[in-house]
Amino acid sequence: HQSTKQHYGRHTFYTLRHYIIDMTLEKLGRNNEAIACCDRALKINSENFKAWNNKGLCLSNLNRIEEALRCYNEALKINPGDERAREYKEACLQKL
C-alpha cells in the first residue's frame, strides 16, 4: 500500500534525522538539547533503541546515572545484542 510505504519512509527519515542531530549535540557537550532531541525521536518511535542509548549517554554525561540506566535498560529490552548499551550501562553501574 503506497501511503503506508510513504509514512514508513517519513517515519524513518525523522528518526534518523533526530539521531544525527542528537549525536552532534552530545559531541558538542550540549547534552540537554540532545536529550530533547532523543525525546522527540522516541515520541515518533518508542522502539528506537539508538535514541534510548543516546539519551542514556547524555544523561550519564550530566551525572544523572539512574535515569541513564533506565534508558540503557530500555535499549537492551528492544535490542538485547546492543553491545554499546551494555558497555555504557556497565560504566554507569560503576559510578553508583
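The model discussed here is a predicted one.

**Cysteines**

- A disulfide is a covalent bond between the sulfur atoms of two cysteines.
- The number of disulfides in this model is zero.
- Cys71 takes part in no disulfide, and the nearest cysteine sulfur, in Cys38, lies 8.0 Å away.
- For Cys92, the closest cysteine sulfur is that of Cys71, at 9.5 Å, which is too far for a bond, because a disulfide requires the two sulfur atoms to be within 2.5 Å.
- Cys92 is buried as well, its relative accessible area being 1%.

**Asp82**

- Asp82 is located in the loop between α4 (65-78) and α5.
- Asp82 is buried but forms no salt bridge; the nearest side chain of opposite charge belongs to Arg84, 6.0 Å away.
- The side chain of Asp82 does reach the backbone nitrogen of Ala85, at 3.3 Å.
- Beyond its neighbours within four places in sequence, Asp82 is in contact with Phe49, Asn53 and Leu76.

**Lys89**

- Helix α5 (residues 83-95) contains Lys89.
- Lys89 counts as partly exposed, since its relative accessibility is 24%.
- Apart from neighbours within four places in sequence, Lys89 is in contact with Leu69, Tyr72, Asn73 and Leu76.
- Lys89 and Ala68 are 21 residues apart along the chain, and their C-alpha atoms are separated by 7.8 Å.

Definitions and conventions:
Residues are numbered from 1 along each chain as its sequence is written. This is a predicted model: local features need pLDDT of at least 70, side-chain atom pairs count only at pLDDT 80 or more; totals for chains, interfaces and linings use all residues. Side-chain values use heavy atoms; hydrogens and water are left out. Helices (H or I, at least four residues) and strands (E, at least two) are DSSP runs, numbered from the N terminus. Buried means under 20% relative accessible area, exposed over 50%, partly exposed in between (1.4 Å probe, protein chains only). Contact means heavy atoms within 4.5 Å. Lys and Arg count as positive and Asp and Glu as negative; His and the chain ends are not counted. A salt bridge is a side-chain nitrogen of Lys or Arg within 4 Å of a carboxyl oxygen of Asp or Glu. A polar contact is a pair of N or O atoms within 3.5 Å; within protein, one must be able to donate a hydrogen and the other to accept it, and residues adjacent in sequence count only if both atoms are side-chain atoms.
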